[in-house]
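User: I would like to learn how to read a model of two chains. Please take me through it feature by feature.

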Amino acid sequence: MGDHESLAFGGFSLFQMVEDLAVFILGLDLALVREALGKAGKIGISVYCGGQGGDQGTRALVSNLYGATIANKTNTRYTMNSPEGARALELLKDLEKKGYIDAGLSIAAADELQLFAQQQIASTICWGTSNALNYATDAFTQVSVPFPSNDSVPSLEYLVNGFCVFDNKDAGRAEAAKKLIQFICDDPEWGKVNVVKTGAFPVRSSFGDLYPGNPEYALLASWMKYYGGYYNTMPGFAAMRTEWWNMLQYVFTGDKTVAKALADYDVNSNAVFK
Amino acid sequence: MHSAINKHGVSHAIQRQIDRVSYLFLLPMVLFFLSFVIIPMAMGIFTSFFDYTMGGFHFNGLDNYIELFKDPKFLRSFSNTFIIVVVSVPAVTIFSLWVGSLIYDKSAWVTSAFRGIFYLPVVTGTVPVVVVWKWIFDKYAGVLNYVLVNLGVIEKNIAWLGERSTAIWCILAILFTTSIGQPIVLYISALANIDSSVLEAAKVDGASGLRTFWQIKWPSIMPTTLYVVVITTINSFQCFALIQLLTSGGPAYSTSTIMYYLYVNAFSLYRYGYANAMGVLLALVIGAFSILQFASIKSGVDY
């Protein structure tokens, strides 16, 4: 172990001295945490919103705190404008005002991850297996924990990656492309290798445990049961993303009240469903 | 038989041949210009009248233009752009002229050294320059905060690029450093090219330094000033890379410019028609400003 132990998740990390993450976020013993982090000269968490990159992390943080949802079950409306969403944003704004957390108005996820790797910041809310590889270092040991939630049942963000074939009006080429994709995904030997190379998890259980003996991956795999709804393919997704981090900026700068910022976010994000 | 001869003593038949060859030499550039400037420009104007997205292409008349004037984010971006132009153009022009005046008559070594220093940000390229500035302004480990906190100027670190009150000024400061290189070089050349006999005559006549500047140097460098003002205005109106790399238009759209908002609409929201309407409007505004500048700045040398 290095000079300190970090917790990371889709990640969250705090120092060993902070035993209960929910305590920190829900503000039950903030003075203790602030003192501890202050002594260490560290920032606990940054709700980065300086750009779009890694915005899924901040959405996961806000939605999990009090059980707000990002979209409805039928994926026909973005639903953060709710009492739960407002309560979460009010909490974050209040924590930021008191200096317990940082509003990352000038940084996006890539900057936040760098700050985490540089140990300027004690936790990250946008951690992934690829980050773990990129920022692998002996300086700290990462520990992953789910996002804090008041009901202790996190709803986790995930990304499904796949292939597509462009219709270039050539059936032969399309067929060849499909065959290649089938090989990459289905081949009993190379299919597994390809998944491992991405550092991700297979979408099919038939591939089994691709990371035997790796407790970190085993832990992450066990969290699949917490996966929330998949809204990345919803109409208006691009517009919603732009609205999201700008909405956070409005909240943290105080340009708009939480209620107004959420209401505007709601109108603009859902414009596509009119 | 009478063979037609033109005023250069060349027969019309040969002249036609020469013209044809000349046009053939021009053809590649004309094709390039048509393909990559004129046709895209025409397409931009044409599609600005359409609801043009990834999924559709429908004529909507002036709707995009009407929406522009109702869109608070666009209006905010427009006013930010206007602030950048109004602050940046005089600052760049006056500072460049001042620096040029101070160093143009120094020894070749000194002049070249200063020219090199001021031109460095221009040849370095926007991205590396901006990355360095980003580190300087960084809230957590930036050198600016480090210096100011240690000097006792500020109590705690400031997110220079994350505060509404400071972000636009940071952008202006960086734009300033990247904009002054070329004007300084131009002013040094323009000032060095002023006929020394006229300056000497003024000196002999007892003209003060200030009077020599205003009545001889200033009119002589007017064409350069016009060029500097017009080019700086156009560059300021098109401010994009700094915003994209530093603030993404934030916080709360306080640094969003027309070019950045255009980019967001075209490449994040895929609203090509709406983005093109912004582009057309921006071109019109830049054109109007340029005409105004050409009309108001007398560029003919007149003593």
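The dialogue below goes through confidence, the chain contacts, the core and some backbone angles.

Analyst: This is a predicted model, in which local features need pLDDT of at least 70 and side-chain atom pairs count only at pLDDT 80 or more, while totals for chains, interfaces and linings use all residues. Residues are numbered from 1 along each chain as its sequence is written, and chains are lettered from A and ligands numbered from 1 in the order in which they are written.

User: Where in chain A is confidence lowest, and where highest?

Analyst: pLDDT is the predictor's confidence in each residue, from 0 to 100. Where pLDDT is low, the predicted coordinates should not be read in detail. Chain A averages 81, and 83% of its residues score at least 70. The lowest mean, 39, belongs to strand β1 (residues 4-8) of chain A, and the highest, 96, to helix α11 (residues 258-269) of chain A. Helices (H or I, at least four residues) and strands (E, at least two) are DSSP runs, numbered from the N terminus. Over residues 1-30 of chain A the pLDDT is below 50, yet this stretch has 87 contacts in the model beyond near neighbours in sequence.

User: How many residues of chain A are in contact with chain B?

Analyst: Two residues are in contact if their C-beta atoms, placed from the backbone, lie within 7 Å. By that rule, 14 residues of chain A meet 16 residues of chain B. Helix α10 (residues 237-253) of chain A gives the most to its side, with seven residues.

User: Which residues touch the most other members of the largest nonpolar core?

Analyst: In soluble globular proteins, nonpolar side chains tend to be buried together. A nonpolar core is a set of buried Ala, Val, Leu, Ile, Met, Phe, Trp, Tyr and Cys residues joined through C-beta atoms within 7 Å. Buried means 20 or more other C-beta atoms within 10 Å of the residue's own, exposed 12 or fewer, and partly exposed in between, with C-beta atoms placed from the backbone. Here the largest core has 102 residues, and A:Val47, A:Met247, A:Leu248, B:Ile171 and B:Met278 touch the most other members. Leaving aside neighbours within four places in sequence, B:Ile171 contacts B:Leu242, B:Ile243, B:Leu246 and B:Thr255.

User: What is the phi of A:Asn75, and where does this residue lie?

Analyst: Most residues other than glycine have a negative phi, and most peptide bonds are trans. A:Asn75 has a positive phi of about 55° and lies in the loop between α3 (55-66) and α4 (83-97) of chain A. A:Asn75 counts as partly exposed, because 15 C-beta neighbours lie inside 10 Å.

User: Which residues does the cis peptide bond join?

Analyst: The bond joins B:Gly250 and B:Pro251, with omega about -5°.
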